[in-house]
Amino acid sequence: MAKREGLEVSVAVGDAAMLSDADVVSAYPITPQTHIVEHLAELVANGELKAAYIPVESEHSAMSACIGASAVGARTFTATAAQGLELMHEVLYVASAMRFPMVMTVANRALSAPISIWGDHSDAMAVRDTGWIQIFVENGQEAVDNVICGFRIGEDKRVLLPVMIHLDGFALTHVIEPIELPDKKDVDQFLPPFKYPLPLDPEKPVTMGALGSPFIYTEVKWGQEINLEKAKSVTLEVWQEFDKLFGRKYSPIEQYRTEGAKTLLLTMGSYSETAMVAVDKMRGDGKEVGLLKLRLWRPFPYEELREVVKDADTLIVLDRAISFGGPGGPVCSEIKAALYEEKKRPRIIGFVGGLGGRDISMAGFEEIVNRGIEIARTGSEREFEIYGVRE
Amino acid sequence: MMATAVHGPGVITELEPFAPGHRACSGCGEALAVRLAAKAIGNNAIIVNATGCMEVVASPFPYTSWRIPWIHTLFENAAAVASGAEAGLKALEKKGKRPERNIKVVALAGDGGTSDIGLQALSGALERGHDFVYICLDNEAYMNTGIQRSSATPYGASTTTSPAGKESLGQVTWKKNLPAIAVAHDIPYVATACPSYHRDLMRKVTKAVETPGPAYIHILSVCPTGWRCATDDAIKVGRLAVRTGIFPLYEVTNGQYKMSLSLTKLEPVENYLKTQGRFRHLTEDTIKEIQERVTREYNKLVELAGKPGGETSSE
Ligand SMILES: Cc1ncc(C[n+]2csc(CCOP(=O)(O)OP(=O)(O)O)c2C)c(N)n1
Ligand code: SF4
Ligand SMILES: [Mg+2]
């Protein structure tokens with residue numbers, strides 16, 4: 001039986017890739033992702049993970065090598081963060097458009113400049129449109145479970161797409177949490193061997209990555225869009241099955257104490273943990289406040305969002321990245337767009353905070369909620385406000 | 001008609017993994033290089049192609065010139081994609097998930113994709129020791145985007161980004177020595193080749209495929225469009241590049257240099273330069289400067305090889 005033990009989340013993520021029987025790991029070190037790939041290198045060196053570990057010379061090559069490995073039918077894993085993710089940028093589009101399943105954990109970190117090794121979501125938001133399935137996790141257990149689910153979702157014949165698991169740098173990667181690592185035999189039962197339908201194989205030659213003229217490019221992109229939208233139902237299916245086998249539930253948007261809540265706060269990733277405590281406090285004070293945790297970022301869960309906000313008056317969205325000179329928080333702007341056509345929708349108030357590792361305490365979340373309620377009543381001079389900045 | 005097959009020494013295989021009917025310009029030396037290399041590579045291989053002329057001319061959807069598995073993703077990452085494919089195959093075979101078939105992974109890239117934007121990925125792949133072959137198709141400029149200079153463009157050549165003008169003789173830098181950079185990685189096999197010497201080219205590719213570990217082959221590929229020479233001159237111009245010592249043919253096996261031809265006397269470089277419009281503007285002084293450099297570099301190479309050449313020309 002699987003047992004719960006105290007594990008550093010990065011180590012547990014590496015273990016999850018091992019339990020998933022990855023064939024190839026190709027990665028380049030960057031803080032705060034390092035412990036994940038170091039652990040994997042160790043597992044391969046000790047023979048615990050039977051895989052090829054490719055210590056590439058850059059993230060551009062890391063992702064390119066993942067593509068090569070996936071194209072011959074290998075189950076492939078990588079991890080990166082911030083500058084590394086940006087260096088991969090053009091390759092990310094290729095991985096999804098050419099339909100190569102793989103799992104990548106992103107230890108979310110702020111983008112330079114100024115160089116900062118600390119956490120926020122500016123790296124994740126910069127790769128929003130790359131066509132990957134993207135899941136934000138809240139704690140170590142979610143990270144482990146979703147690495148395993150990620151392979152199953154991405155490798156499903158109806159999907160065949162790469163999957164990004166976002167976990168906050170340091171706040172998650174470097175903490176020790178009680179984590180239950182599933183038993184290998186259960187993972188084997190849950191996750192069938194990877195069978196890429198048409199791998200590169202001299203026995204059955206295929207041409208991959210042909211030149212797409214205007215005659216075909218639009219159709220390829222449309223196909224990609226439809227396919228990614230469909231990936232949502234497969235994700236739900238996989239999560240359900242995971243729950244059946246392992247007893248842990250995942251959903252695109254998780255609700256916390258939202259019954260009768262007039263005000264909702266929406267967060268992503270590890271911030272949700274502190275936000276829950278803040279909600280408990282405010283509920284204790286008699287405030288009708290609830291929390292939404294957005295887990296499935298791509299494909300975006302439109303129906304689920306519309307359903308969970310329909311009875312609220314105010315929806316406060318906390319972004320950890322800025323879309324400069326534009327709408328401010330990218331998540332907030334998407335949520336506004338998603339709800340625009342709804343007959344009854346809450347006022348949507350956007351905040352940006354927690355940039356470059358700046359902590360938001362429980363009191364901070366309370367402040368954000370109170371200010372959000374105030375803006376909903378009186379308005380703000382700005383499109384969005386930034387929390388805790390020194391002017 | 002009855003199909004007949006001829007066998008014997010010196011008869012070239014009729015295998016054509018790179019099919020005819022591609023869209024290269026007429027007289028393209030690079031397409032010829034690919035065709036010859038593909039014959040030597042055979043069917044048990046996976047090709048990883050960088051963006052560039054050979055990718056574009058061979059794969060306009062829904063057509064393909066490739067009868068063997070082929071993948072193209074980006075411009076600068078052929079060596080990295082090849083690394084992943086090679087490592088993936090080996091891992092799957094070791095785990096019993098794929099039968100052991102000794103499939104060779106071969107990367108193809110232009111001089112731009114190799115000596116400029118793809119150099120880091122190439123260096124990484126060579127250094128890590130992947131069991132693969134990397135073939136640089138050197139037509140001495142970024143041809144696919146319209147004849148812009150690369151670091152492999154020779155001194156004095158006029159290109160669209162190193163145009164000859166009142167204040168410039170064209171390319172002002174000397175051609176980057178990629179084979180030497182490959183040799184510096186201490187890999188088991190490095191060779192230069194040119195389709196004008198087709199048997200030599202195919203022998204070297206075969207040797208590269210048979211060599212365990214990384215092998216690098218640098219093929220000078222005449223581009224009539226970019227070099228502004230006659231479309232029926234690619235063979236002649238390639239031969240002159242070799243005979244003038246501008247592009248010497250040699251191989252380096254486990255660090256041991258060997259010249260591929262025994263040229264007792266080099267032809268003057270002018271014979272080569274005058275075949276191409278890209279050098280038309282060169283003055284006598286510049287030609288002299290080029291001659292001196294070519295002679296010096298060629299002699300250095302001969303010295304490295306210890307003697308002027310191996311078996312006589314096998315054009
Ligand atoms: C990152 C990136 N930069 C630039 C380009 C544009 N580009 C495509 S092919 C090419 C030149 C290819 O030159 P070379 O590698 O010498 O191959 P050739 O076409 O000459 O055979 C360039 C600049 C690109 N596709 N990707
Ligand atoms: S531009 Fe040159 S290399 Fe490219 S297809 Fe034409 S002749 Fe060949
Ligand atoms: Mg070129």
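How do the residues of the shell around ligand 2 divide into nonpolar, polar and charged? Seven are nonpolar, two are polar and none is charged. Please keep in mind as you read on that this is a predicted model.

The shell itself belongs to chain B: ligand 2 is surrounded by Ala24(B), Cys25(B), Cys28(B), Cys53(B), Asn139(B), Met143(B), Cys223(B), Pro224(B) and Thr225(B).

Asn139(B) coordinates the magnesium ion (ligand 3) through OD1, together with Asp111(B) through OD and Ala141(B) through its O atom, at 2.0 to 2.1 Å. Along the sequence, these donor residues follow the spacing D-x27-N-x1-A. Asp111(B) sits in helix α4 (residues 111–116) of chain B, while Ala141(B) belongs to the loop between β4 (132–138) and β5 (164–165), so the pair ties together parts that are 30 residues apart in sequence.

Now to the way the parts meet. In chain A, the domain assignment gives domain 1 (4–246) and domain 2 (253–386). Their centres, taken over C-alpha atoms, are 28 Å apart. The size of an interface is often given as the accessible area lost when the parts come together. Here are the two contacts, one inside chain A and one between the chains.

In the contact within chain A, 29 residues come from domain 1 and 27 residues from domain 2. Arg128(A), Glu138(A) and Lys232(A) supply 31% of the area that domain 1 buries against domain 2, more than any other three residues.

Between the chains, 42 residues of chain B and 41 residues of chain A take part. On the chain B side, Phe61(B), Lys95(B) and Arg128(B) supply 18% of the area buried against chain A, more than any other three residues.

A last stop is Glu288(A), found in the loop between α10 (271–284) and β12 (289–294) of chain A. Glu288(A) is partly exposed, with a relative accessible area of 43%. Leaving aside residues up to four places away in sequence, which ones does Glu288(A) touch? They are Gly260(A), Ala261(A), Lys262(A), Thr263(A) and Arg283(A). Thr263(A) is 25 residues from Glu288(A) along the chain, and their C-alpha atoms are separated by 6.4 Å.

Definitions and conventions
Residues numbered from 1 in each chain as written. Chains lettered and ligands numbered in written order. Predicted model: local features only at pLDDT ≥ 70, side-chain atom pairs only at ≥ 80, totals over all residues. Heavy atoms only, no water. Near = heavy atom within 4 Å. Nonpolar A, V, L, I, M, F, W, Y, C, P; charged D, E, K, R; others polar. Donors = N, O, S within 2.8 Å, 3.2 Å for Na, K, Ca; no water. Helix = DSSP H or I, 4+ residues; strand = E, 2+ residues; numbered from the N terminus. Domains from an automatic or database assignment. Contact = heavy atoms within 4.5 Å. Buried area = accessible area lost by both parts, 1.4 Å probe. Buried < 20%, exposed > 50% of the residue type's maximum accessible area, 1.4 Å probe, protein only.
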